[in-house]
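Work through the following exercises with the sequence and the model side by side.

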Amino acid sequence: MTSRKKKFWFAVILWGIIVLPTAFLSIMLSMISNERFGKMPSFEELENPKSNAASEVYSEDRKLLGTFHIENRSFVAFEDISPNLIKAVIATEDARFSRHSGIDMVALGRVLVRTISLGDRSQGGGSTITQQLAKQLFPRDSYDYRNPFQKYGNLFIIKLKEWITAVKLERNYTKNEIVAMYLNVVPFGSNAFGISAAAATFFNKAPSQLLVEEAALLAGVINAPTRYSPVRNYYPAMARRNFVMRQMVRAGYLGPENYALLNESPINLKYQQQDHNTGLATYFRERLRQTMNARQPERQRYATRYDYLVDSLEWEQNPLYGWCSKNRKPGGEAYDVNRDGLKIYTTINSKMQQYAEEALTDHLKNTLQPALDEEIKWKGGRVFGNNISKEDEQMFIERAIKQTERYRVLRNAGFSWEKIMNNFRTPTEMTIFNWQGEGNEVEVKISPLDSLKYYKALLRASFMAMNPHTGHIKAYVGGPNFRHFKYDMVRQGKRQIGSTIKPFLYTIAMQEGLHPCHKVPNIPQTFAEADSSWTPRNASPTSMDGKMVTLKWGLSLSVNYISAWLIKQFNPQNMVDLCHKMGIESYIPPVNSIFLGTAEVSLHEMVNAYATYANKGVRVMPMMVTRIEDRNGNVLTSFGNAPKVEAISEQTAYLMTNLLQAVVNNGTAIRLRGMYSLPGQIGGKTGTTQSQADGWFMGITPQLAAGAWVGCEDRTVHFESLRTGGGSGSALPIFGLFMQKVYADKSLDISPEAQFEAPLNLRAINLDCNTYEENAENPLLDSFGKSKQKKKVDDEFF
């Protein structure tokens, strides 16, 4: 070849391979930078990249209860990430991370020569960690182009955009910040986005606690979260983990001897997928989400004006209710708990929450549900109560069928009732809740009709405990299993409260100056109502029927004759007003039968009302959250002290604690002393509704107020036995088991030595009915003063 030809081909090669491509690339980069091919991230967007960050919910003792999220992602700083993970990721994903400025030309050359030509992938791909971060923060166009020229042309432009963005990121952030941002946004599978969620999901650890082999596993998962999932694909995940550790050896981050030890070690997971159905306080977290997301009440969205007024009042008085709408981000947008990475610090104590969940589960699983199952078996498999006729039973079943999604789908498809019933009678494979199954689930073949009856016979329960002085809710269990039973029976559900309403009637008596040992006739009381009369009866005969008995005796054994006598002295409306003032928001009809507890009230309201007794007559609003921070730790709202109002006098409250203690010491709640051996001052009241459809127990100590409810979804399904289905047998044990655990845990500082403090003017008054002699002039009238007898109800809340 002549010298001229050599020069010609050299020029062609120079221009064709180097000059023209370089010029073309420069022009394209310039045009992309000037946004000729679409918007590029601005400086502000680079400083504040948008990504869905989960809001974290913490207990008062700083335990992570769970998250609100679209993508389960929480952000952690570089210093809070294990160095083992940083080294594993750099060794695997970007070995030259510290030596490039966002684009690694050496790595790109390696991709062209070694990876594509020779098939050697040991050095990783050509994209740097910074480029991968750019791709995660500013996602690619996902449109599926059918024309290959459009498809690859668009991909080329996107790649150049990522190069420019990567360079900008390198200019704005340090290397440590970049690798931390990368680990905070990449998906790890199992609904875990970012290293914080991944460490918790796979190892139940903080990112700073990851060991070498754990860090290598997670670094390997990034490449293909499904293919290398240690849950689904154990052996590919182990092989990938070992590959990452070999890369760490090659990079000098891990010694060969340590690799030899770790290479054969098994994968030790503590896997728990982080979702809304798992973890502590699931019902509480859902209630918190609903509360923060609440909209301002509008009358047309409410069935009754009363409920509208209750929620309107909460909107005005509770800063947490509707928080996301009431508070705005700097740009003026409303907050989104699922995306904005808030840190929400609650009043829940993680230990007390754990004890409450354990107590409820223990009692239902090991005692109460087996007892109900045995009763149903004894009745020949009949789920409904003996007081329900066959005709009513069929009506209840048909109504339940029509409430199912299956029925709605079949009906909308044009199926007749006969065909729908055939479908409901046809067995099919399904997963159902079962206390004895793994994870409380079993796979069975059962007809939808039989599964409906099965669920009707499953007991539900709820429990709540709060500090009566601060209003802080310490434990909140809305049901037996949030995955299967979403309906919250602490706040959302309302049931008849039975005899737990009676203390409010006795409160009026104490307020009017009667002594706990004041004697009244234990005889039937008849009420004239319109053209008829009504005489309430006791649950069972007593040895004191027809005799004079003390008020303390009447409440301790929940005797209806005494309550009937009292309601005649202090009319129903006075009792309704007092109930509202003490914390019951639900509507209560002002009728003579009010003391039987037919009003439907939530457990949340009942605990709040009983807490007033333990707080010297001052009602304190239950409180869920103490403060809310943004993702950077800046305090957005600090909630301070819960609102308080004096509901009853300190003297009245103290006398009621004395009466309620008699229920525990000598009355229907005496098994707290016997079976559960609980020491110290404890007051309480059992409650049972008609046919044992609902069992209640409300309990107070000087430091806690708590309550439990037990029943089935449908009131027509219930225990036949009062011994098992009554409040003392169904609900009280949950309180007893909970308090055993609380008293045993000294770190909680809840002591059986604590006492209800007597007001100065009552310390000399005899409250022992065995030695008390009623004087002609009741000393309590002198203590309270005559003006207290007809005290007007303060309707500050209603």
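**Exercise 1. Find the strands that helix H12 lies across, and give its angle to E2.**

Solution. Start from helix H12, residues 282-293, where helices (H or I, at least four residues) and strands (E, at least two residues) are DSSP runs numbered from the N terminus. H12 lies across E1, E2, E5 and strand E17 (625-629), and it runs at about 45° to E2; axes here are lines fitted to C-alpha atoms, for helices over the stretch in contact, and angles run from 0 to 180 degrees between N-to-C directions. This is a predicted model, in which local features need pLDDT of at least 70 and side-chain atom pairs count only at pLDDT 80 or more, while totals for chains, interfaces and linings use all residues. Residues are numbered from 1 along each chain as its sequence is written, and side-chain values use heavy atoms, with hydrogens and water left out.

**Exercise 2. Work out the order of the strands in the open sheet that contains E2 and E18.**

Solution. Five strands form this open sheet in the order E2-E1-E5-E17-E18, and the pairing is mixed; two strands pair if DSSP finds at least two bridges between them. The edge strands, each pairing on one side only, are E2 and strand E18 (635-638). Neighbouring strands of the sheet are turned against each other by 20° on average, with direction ignored.

Next, take the pairs one at a time. Strand E1 (residues 55-58) is joined to E2 by four bridges, and the two run antiparallel, with valine 57 standing opposite glycine 66 in E2. On the side of E5 (residues 343-346), E1 pairs in the parallel sense over three bridges, and lysine 343 in E5 is the bridge partner of glutamate 56.

Finally, look at the hairpin of E1 and E2, which has five residues between the strands and in which arginine 62 takes a positive phi near 65°. Strand E2 (residues 64-68) is mostly covered, four of its five residues being buried, that is, under 20% relative accessible area, where over 50% is exposed and the range in between is partly exposed (1.4 Å probe, protein chains only).

**Exercise 3. Describe the open sheet that runs from E9 to E20, and the helix that lies across it.**

Solution. The order of the five strands is E9-E8-E22-E21-E20, with antiparallel pairing. At the edges are strand E9 (473-477) and strand E20 (683-688), each of which pairs on one side only, and the twist averages 5° from one strand to the next.

Within the sheet, strand E21 (residues 694-700) and strand E22 (residues 705-712) pair in the antiparallel sense over seven bridges, and methionine 698 stands opposite glycine 707 in E22. In the loop between E20 and E21 lies serine 691, whose phi is near 60°, a positive value in a residue other than glycine. Serine 691 counts as partly exposed, at 23% relative accessibility.

Helix H24 (residues 603-614) lies across strand E8 (459-466), E9, E20, E21 and E22, and it runs at about 30° to E21.

**Exercise 4. How are helices H10 and H11 oriented to each other, and which residues make their contact?**

Solution. The axes of H10 (residues 234-250) and H11 (residues 256-263) come within 10 Å and cross at roughly 175°. H10 and H11 are therefore roughly antiparallel to each other, since angles over 145 degrees count as roughly antiparallel, under 35 as roughly parallel, 65 to 115 as roughly perpendicular and the rest as oblique.

The contact (heavy atoms within 4.5 Å) is made by Arg241, Asn242, Met245, Arg246 and Val249 of H10 and by Pro256, Tyr259, Leu262 and Asn263 of H11.

**Exercise 5. Locate leucine 269 and list its contacts beyond its neighbours in sequence.**

Solution. Leucine 269 lies in the loop between H11 and H12, and leucine 269 is partly exposed, with a relative accessible area of 29%. Leaving aside neighbours within four places in sequence, leucine 269 is in contact with Phe202, Phe203, Leu217, Pro230 and Val231. Leucine 269 and asparagine 204 are 65 residues apart in sequence and 8.4 Å apart in space, C-alpha to C-alpha.
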